[in-house]
Amino acid sequence: MSVVFYALAALTVAGGLGAVLLKNTVHAALAVAVAFAGLALLFLSLDAQFAGFAQILVYVGAVAILVVFAILLTRASETPAGGVFSSSWLAGLAIAAGVFAVLGWAVLGSAQALPLSAVAPSATVHDIGVALVGRYVLPLEIVALLLTAATIGAVIVALHEKERTR
Amino acid sequence: MLMQDVGTFHPQIAGSSVSTAAHLLGLIPAVPMVAAGVIALLKQPRRKPAAALAIGSLGFSLLIALYAFAHVVADWASGIATREVVNFTWIQTGASSVDLGWVLDPLSAVMMVMVCFVGLLIFIYSVGYMEHDENFTRFFCFLALFAGAMLGVVIANSLLLLFMCWELVGLTSYLLIGFWYHKPSAAAAAKKAFLTTRVGDIFFFLGIVWLFNATGTLLFYNHGSGSMEGLALANLLTQHAGLGLTAAAAIALLIFAGAVGKSGQLPLHVWLPDAMEGPTPVSALIHAATMVAAGVYLVARVYPLMSAGALLGSGGEIAGTTTPLIVVTWIGSATAVFAALIAIAQNDIKRILAYSTVSQLGYMMAGLGLGGVAVGMFHLITHAFFKALLFMGSGSVIHGCHEEQDVRRMGGLKSAMPVTFLTYAAGMLALAGLIPFAGFWSKDGILEAAHSSGFIKGPYYLLVFGALLTAFYMMRQVSYVFFGKWRGHGHPHESPKVMTVPLLILAFFAVTLGFLGTPAWPWFRGFLEGRAVRFDLAGFSEPGLGMLMLGSTAVVLLGLGIGWALYGNKSPQPEEPDALERAVPWAWAALRDRLYVDEFYGVTFIAFYGWWARVADWLDRRVWGGIVALVTRLFGLWAQLNRWLDNEWINGGFDKACEELSSGGGLLARAQNGRVQIYLRVLAAAVIALAIILIWSSRA
Amino acid sequence: MTGSASPLAAYLLVAALLFAIGLAGALTRRNAILVLIGIELMLNAANLNFIAFWRYGPHPEALTGMMFAIFSIAVAAAEAAVGLGLVIAIYRHARTTDLDQMNRMKG
């Protein structure tokens, strides 16, 4: 593995850790944005250019901003009194560690079934476009529907209610 | 009386063709029983229908009986000895069966007619006698039932049917003796009668069972296979029963035991005098004419069994004798004298007659034992008439003296109650046995048989002594009641026609019935034994017969004379001692107290029985009762235990389980804490577990 | 670890690590928004997994892994929008985003 890989991996993991550990919520949001960026670069290193750029566009550009907006709207920027971690954080940590252990064990313990392809595949936009309207046209349409619904739903949920009895 | 030798025709048993009369015989007991059932359903105030039903039913039975009697007489006149049987199977058990049936022969014919006729007269008499009694209807119901049962005994061809009707007769006797049941003495007398006859009945039943076992049938006559017919008797004679008796003799003695109870022979006579507690018609019907005669009739019926094995003479008369007949004779003779002795010292008008009945029944039994069926039955028939007459006459006297029964408080009634006096005198002379009244001929028949018996001499002297006593005590009674001065209170009056007319009818028979059995014309004997007879005065010239008749007449006159001499027209006040008492006070006291037989029984059997009853009571109360109480306690405890278990364990357990369930539910509900992160954690942990399992299984 | 592992395994491990970190965040942080962030991280880790397998697995010309990842991104975005909208609505109602205090669904 090359140095680039290690550097990108470290960046991403650091971002993730920051997102989880930082006390200031805004800082945590920004750290997760860094993690998203690192992931995008990892995609690029895997020759998945479209996915990488889509990642940057969507995650860094939209989701992270959205998170920041939500933090500001809910005044989560102020550090709460009881601490940022739940009272039984150790249980959650243990479980997460358990998950990692299982996954790691699965990955390292499994034998390789097929040889890895050494040649980088070409995934041009053209190819992706053809695939989208060819083989994956149904998922495409459904996702479109989904996005419409999500948009409308989010608006309705977040809409300021008229003064009604609570 | 020896039979004339007039070519005795051989008795042909007319069994092949059964006449209408024989078929109709079943109606004779049935109709009065049905009438009794109907009367039982009537209410008490309906007297006329009750009396009409009873009298009508018995009258109907009388008509059929007369018809059957005429048929038998016609047969006899044409030289046939009838014995028609109608048998039917009652219970079939495999190969053997229990049969019932009835028989029409001279014996049953005469008995039937006598029972129906005398019974009818007494029924009519009762209408007058019981007029003031409020239980009139009940009386006639019992009377009708009794008549039906008695007639059943008479016509029975099966020992079982006879026994069933015998028991019914005993039952109705109990009901009628204790008719006035609120009187403690009446209730006690009824119980005594029932229990005493029961003792005899037990032996009777043993005899029946033995007979059935030995011969396989209980029918008397069954075209050759009956128990009184040759084959069965021969069979019984060959079996031995211990004590030197054959089976025939043993069974005969057992059956005789039943007769001893029912006919009041020694030692089971104690119930008869007490039975006078019942109304007078009851005494007349049951304890003079019919029920007590049932015992004599039974002995006559099973006579073939009793005389089985006795040698027969050339003319068919008995030339030998058997053990049962010897027993019967001695018991009869002893009873005759014993009861006559006691009768001398009694003061109740009915009690004198009761002991007289016991005595006369002894005569009948002796007659059966010594001279055969005809001799005993003749005395039974004549006795029925004049004893019924005497009882009804005494009832008339009691009625006229306003329910007074003590002879010492009567007197001089011959002018106040003339019809009663005349009829009573006729009956008294018949009973004493004065020529030419009926009693003379029948009693003389017995005396003659006793005298000419080659085997036992004692009974003759006893019976003669008894005749003397009979004349004596009857004279005493008549003197006390009808002669002398009136010693009672109030004014005596004659009884109504409905009571005196039957008396007159019976008196007629008391005088004339004897002529059916004189030595000159022994029709009765010929009829019963199936021989032709003709009127022949030469019959009187039998050797020794004339001396016998003279002798018995002398004895009777002697007795009457002594009685008149002692009691004649004198009227001793009730407080004065009796004439005889002044003479022999110790004997008088013993006789008046009935020779202490009742007291003896009281000390021995009754006391023993009472002791046994106390033991049984103690057992019942302490032991069985204790066990029952203990078991009850145990059950109670068990129930309590069950209840405790149910409450504590089952209910409690159930409650506990429900509590656990709800607390468990509560516990489980804590998992629903509503916190999302906890849910997530659980999810993640589950996924880990699942993953491990999958990987492991894919590896294995 | 690194020497014996293939490049694929390396990427997979990184994805696993990221996934665990995201899970830890979702399970331990109090703020609902940060839980959502954790979830986003998990989704991203899965995406990385897909792309890695696409790159090193057979038949990359089928573009299966790539398409999967693209769709996943789209869906994740929609879900983030809706989720954050929900958080805002809850905040307006309960005046807090503290998950420990949200137990109205308690049985």
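**Helices and chain contacts in a predicted model**

Helix α3 of chain B, residues 47–77, has 31 residues and reaches 44 Å from its first C-alpha to its last, close to the 45 Å expected at 1.5 Å a residue. This is a predicted model, in which local features need pLDDT of at least 70, side-chain atom pairs count only at pLDDT 80 or more, and totals for chains, interfaces and linings use all residues. Residues are numbered from 1 along each chain as its sequence is written, and chains are lettered from A and ligands numbered from 1 in the order in which they are written.

Reader: Which residue with positive phi follows α3(B)?
Author: Helices (H or I, at least four residues) and strands (E, at least two) are DSSP runs numbered from the N terminus. The expected span of such a helix is 1.5 Å times one less than its number of residues. After α3(B), phi is positive, near 90°, at G79(B).

Reader: How many residues of chain C are in contact with chain A?
Author: Two residues are in contact if their C-beta atoms, placed from the backbone, lie within 7 Å. On the chain A side, 72 residues take part, and on the chain C side the number is 65.

Reader: How many residues on the side of chain A that touches chain C are nonpolar?
Author: Elements giving two or more residues to this side include α1 (3–21) and α6 (137–158) of chain A. Ala, Val, Leu, Ile, Met, Phe, Trp, Tyr, Cys and Pro count as nonpolar, Asp, Glu, Lys and Arg as charged, and the others, Gly among them, as polar. The side has 13 polar and two charged residues, and its nonpolar residues number 57.

Reader: Which helix gives the most to the side of chain B that touches chain C?
Author: Here 10 residues of chain B are in contact with 11 residues of chain C. The most, five residues, comes from residues 676–699 of chain B, helix α27.

Reader: What percentage of chain C is buried?
Author: Chain C has three helices and zero strands. A residue is buried if 20 or more other C-beta atoms lie within 10 Å of its own, exposed if 12 or fewer, and partly exposed in between, with C-beta atoms placed from the backbone. Of the 107 residues in chain C, the buried share is 59%.

Reader: Why is G18(A) classed as partly exposed?
Author: G18(A) lies in helix α1 of chain A. Not counting residues up to four places away in sequence, G18(A) touches A28(A) and A31(A). G18(A) is partly exposed because the number of other C-beta atoms within 10 Å is 18.
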